[in-house]
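Welcome! Please take a moment to look over the chain below, and then read on for a guided tour.

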Amino acid sequence: MVNLTIDGKAISVEENTTIMEAAAANGIPIPKLCYLKGINEIAACRVCVVELEGKDRLITSCNNVAKDGMVIHTNSPKVRRHRRTTVEMILSQHDCECVTCPRSGNCSLQKVANDLNIFDNPYKSEIERQPWNKNFPLIRDSSKCIKCMRCVQVCDKIQGLSVWDVEGTGSRTTINVGGHRCIEEADCSLCGQCITHCPVGALRARDDTEKVWNAIANPDKIVIAQVAPAVRTAWSEELNLDPEEATVGKILDALKRMGVDYAFDTAFSADLTIMEEGHEFIERVQHQGVLPMITSCSPGWIRYCEFEYPDLLEHLSSCKSPHMMFGAILKSYYAQTHNLDPRKITVVSIMPCTAKKAEVVRPEMRKDGVADVDVVLTTRELGRLIKMYGINFENLPDEDFDQD
């Protein structure tokens, strides 16, 4: 065990524990922006600095190991001055229009700046603005980027795709799509990991909520929503609700209040996918087809396979993903049995996956010019949709999924 003192508190931790981990384990928070354990421990942001007695220079707590006899101060005047200056410099290269930022209220930089009581910035604002295709499902706003390297490391070490990379030198250092490519040319599977791990609003999924509002407002459109099982376990986080409060029934009631005509459970077509893929597997076994067969239910996996392992494409099932199957059923069988024009049906899939935004525009997902699914909303977009409508959840009843 290693014995040290942090902010006057005697602490014992195991060897090879970082100062940040030692402090956190004892209820002493140290702010950070770039740090991700085991993924991004490069001390790039310099916000996590602490003062070590006997050493003139401040040290970073995220990548310095606690040693016997250390006396650490995490919030001394010297530390606060340094952090404040560092954050002010970061803010000078950051678009601080927080009101229109999708991460407002859930932004690490915003929180650190507020905690440091920063209201004015003595440094000249120099904002980087790079062009980006706003129709692509993944949006990067260079004016928000703080060069923390999280997206680079997550994509490289976790996903193994290396979509992002550092370019430029010195003060012109920035993050961009690697290999001097545009995002459309990159091997991006649209997994969304870079969005999840970005501490600010530099990365986000394309917002399609306005398409839903337009469909609801159109009297000639019949809006049918389908809700994925994963969404109902995560949507409470977006609205700061307790999980017990955030039942799937409340999602359904909210959708109906907003003007959605029908709401179905994607779990039905998930079962259908199992049956269809099972049937295809038997066909392959009986007729010496390509084996092993790999599920095609994930559009992110499909993109990954197309980019990284094209030799395995023949192993993929020919079945559509569950929500696309449901969309096809709604615009064929359901439309016929209910005497509806498929062209007047707008299918909205509420999904946990950014890749599904790209999936719905693939040519094979259309029949006679009619798309199986028209709009995909992520869990975050569902939360924004509900907030836009101003729904109060305190007395919201539970609705059931439509059955026919």
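The briefing below goes from the whole chain to single residues.

This is a predicted model, in which local features need pLDDT of at least 70, side-chain atom pairs count only at pLDDT 80 or more, and totals for chains, interfaces and linings use all residues. Residues are numbered from 1 along each chain as its sequence is written, and side-chain values use heavy atoms, with hydrogens and water left out.

**The whole chain**

- The chain holds 13 helices and 15 strands; these are DSSP runs numbered from the N terminus, with helices (H or I) of at least four residues and strands (E) of at least two.
- Along its principal axes, the C-alpha trace spans about 80 × 55 × 45 Å.
- Of the 404 residues in the chain, 48% are buried. Buried means under 20% relative accessible area, exposed means over 50%, and partly exposed lies in between (1.4 Å probe, protein chains only).

**Salt bridges**

- The chain has 21 salt bridges, where a salt bridge is a side-chain nitrogen of Lys or Arg within 4 Å of a carboxyl oxygen of Asp or Glu.
- One of them pairs D95 with R129, and their closest N and O atoms are 3.9 Å apart. D95 sits in the loop between helix 2 and helix 3 (108–115), while R129 sits in the loop between helix 3 and strand 6 (138–140), so this pair ties together parts that are 34 residues apart in sequence.
- K357 and D208 form another salt bridge, with 2.8 Å between the closest N and O atoms. K357 belongs to helix 12 (residues 355–359) and D208 to the loop between strand 9 (203–205) and helix 6 (209–217), so the bridge ties together parts 149 residues apart in sequence. Both K357 and D208 are buried.
- K357 and D208 also take part in a network of salt bridges that links them with R206, K211 and E381.
- D402 and K256 meet through their side chains in a salt bridge of 3.2 Å, N to O. Since D402 lies in the segment after helix 13 (379–389) and K256 in helix 8, the pair ties together parts that are 146 residues apart in sequence. K256 counts as partly exposed because its relative accessibility is 26%.

**A polar contact**

- Which residue does the side chain of S76 join in a polar contact? The partner is the side chain of E51, at 2.6 Å. A polar contact is a pair of N or O atoms within 3.5 Å; within protein, one must be able to donate a hydrogen and the other to accept it, and residues adjacent in sequence count only if both atoms are side-chain atoms.
- S76 is found in the loop between strand 5 (71–73) and helix 2 (77–92), and it counts as buried because its relative accessibility is 11%.

**Surface patches**

- Patches are made of residues with over 30% relative accessible area and no salt bridge; like charges are joined within 9 Å, and nonpolar side chains (Val, Leu, Ile, Met, Phe, Trp, Tyr) within 5 Å. Accessible areas come from the Shrake-Rupley method with a 1.4 Å probe, and for residues only the protein chains shown count as cover.
- F281, I282, V285 and L291 make a nonpolar surface patch of about 340 Å². Among them, F281 is in helix 9 and is partly exposed because its relative accessibility is 41%.
- D242, E244, E245 and E394 form a negative surface patch. Lys and Arg count as positive and Asp and Glu as negative, while His and the chain ends are not counted; the place of a charge is taken as NZ of Lys, CZ of Arg, CG of Asp or CD of Glu.
- E245 lies in the loop between helix 7 (235–238) and helix 8 (248–258), and its relative accessibility of 37% is why it counts as partly exposed.

**Backbone details**

- Most residues other than glycine have a negative phi, and most peptide bonds are trans.
- A43 has a positive phi, near 55°, and R46 has a positive phi as well, near 65°.
- A43 is in the loop between helix 1 (19–25) and strand 3 (49–52), and R46 also lies in the loop between helix 1 and strand 3.
- A43 is buried because its relative accessibility is 5%, whereas R46 is partly exposed at 38%.
- The peptide bond from L291 to P292 is cis, with omega near -5°. P292 lies in the loop between helix 9 (267–286) and helix 10 (299–308).
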